[in-house]
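Subject: Structure handover

Hi,

Here is the structure I promised to pass on. Please open it alongside this note. My findings follow below.

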Amino acid sequence: MASTNDLKNGMVLKLDGGQLWSVVEFQHVKPGKGPAFVRTKLKHVLSGKVVDKTFNAGTKVETANVDKRGMQFSYKDGENFVFMDMETYDQLFISPEVVGDAARYLLEGFEAVVAVYEENPLYVELPAAVELVIKYTEPGVQGDRSTGGSKPAELETGYEIAVPLFITTGEKIKVDTRSGDYLGRVNS
């Protein structure tokens, strides 16, 4: 149990009959009249739904002990993704629903943070940006410049993103894992 005065971003709360909610942001409000309260923005850990919730200051809330472990993606076993704990070398089989959009950027050997609650994986968190090689894109045409237009390109993971016209097959680029945007070339 914790008090609403102790809330921090990223903290996971157990509310509404055991549902897990992650604190996205919070604000302590002390109005001129009436008691102080805490305004929060909470994200449902499993569904990703975001809600606004207000608590009276000092209210007790139940916290969930979510274990975030550094893990390495090993391979895909049928539908499931297999991650290996970097410290214990234990393997964890994670369903595609839990991996979610992170699957677009996963290559064998990539490291990620896996959140586990009571031995159940909740979500996979990748770094903000990853470096991937362009598997295929249409060749650029003489006169293509760094400004203007974009074209589709298939990454080595099989996912397709939009890249500037001057990018060629085989180049290594940096991709934003949150939005899927091209961030720039990587000089090797």
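This is a predicted model: local features need pLDDT of at least 70, side-chain atom pairs count only at pLDDT 80 or more; totals for chains, interfaces and linings use all residues.

One cut-off first: buried means under 20% relative accessible area. With that in hand, look at E9, where the side chains alternate. Leu92 and Ile94 point to one face and are buried.

The mean pLDDT of the protein is 87. Of its residues, 95% reach 70 or more. Confidence is highest in strand E8 (residues 80–85), at a mean of 94. It is lowest in strand E11 (residues 120–125), at 86.

The sheet around E9

E9 belongs to an open sheet of five strands. The order is E9-E8-E7-E10-E11, and the pairing is antiparallel. E9 and E11 are the edge strands, each pairing on one side only. On average, neighbouring strands of this sheet are turned by 45 degrees against each other, direction ignored.

E8 pairs with E9 over four bridges, in the antiparallel sense. The hairpin of E8 and E9 has five residues between the strands. There, Tyr89 takes a positive phi near 65 degrees.

The core

The largest nonpolar core has 28 residues. Those with the most contacts inside it are Phe83, Val99, Leu106, Val114, Val124, Val163 and Ile173. Several strands each supply at least two residues of this core, among them E7 (67–77), E8, E9 (91–94) and E10 (111–117). Also on that list are E12 (129–137), E13 (150–155), E14 (160–164) and E15. As a general point, nonpolar side chains tend to be buried together in soluble globular proteins.

What does Ile173 touch, leaving aside its neighbours within four places in sequence? Its contacts are Val130, Glu131, Leu132, Ile134, Leu155, Ile161, Val163, Ile167, Tyr182, Gly184, Arg185 and Val186.

Two loop residues

Thr177 sits in the loop between strand E15 (172–176) and strand E16 (182–185). Is Thr177 buried or exposed? It counts as buried, because its relative accessibility is 13% and the cut-off is 20%. Not counting residues up to four places away in sequence, Thr177 touches Tyr105, Leu126, Pro127, Ala128, Ala129 and Val130. Val130 is also in contact with Ile173.

Lys49 is in another loop, between strand E4 (37–44) and strand E5 (50–56). Lys49 is exposed, with a relative accessible area of 52%. Leaving aside neighbours within four places in sequence, Lys49 is in contact with Trp21, Leu42, Lys43 and His44. Lys49 and Trp21 are 28 residues apart in sequence. Their C-alpha atoms are 9.3 Å apart in space.

Salt bridges

How many salt bridges does a search of the whole structure find? It finds seven. Here are some of them.

- Lys14 and Glu62: the side chains meet at 4.0 Å, N to O. Lys14 lies in strand E2 (residues 12–15) and Glu62 in strand E6 (residues 60–63), so the pair ties together parts that are 48 residues apart in sequence. Lys14 counts as partly exposed at 22% relative accessibility. Glu62 is partly exposed too, with a relative accessible area of 37%.
- Arg69 and Asp67: the closest N and O atoms are 2.7 Å apart. Asp67 counts as partly exposed, at 35% relative accessibility.
- Arg104 and Asp101: the side chains meet at 3.5 Å, N to O. Arg104 counts as partly exposed at 32% relative accessibility. Asp101 is partly exposed as well, at 49%.

Salt bridges that share partners also join Asp67, Arg69 and Glu119 into one network.

Best wishes

Definitions and conventions:
Residues are numbered from 1 along each chain as its sequence is written. Side-chain values use heavy atoms; hydrogens and water are left out. Buried means under 20% relative accessible area, exposed over 50%, partly exposed in between (1.4 Å probe, protein chains only). Contact means heavy atoms within 4.5 Å. pLDDT is the predictor's confidence in each residue, from 0 to 100. A nonpolar core is a set of buried Ala, Val, Leu, Ile, Met, Phe, Trp, Tyr and Cys residues joined through side-chain atoms within 4.5 Å. Two strands pair if DSSP finds at least two bridges between them. Axes are lines fitted to C-alpha atoms, for helices over the stretch in contact, and angles run from 0 to 180 degrees between N-to-C directions.
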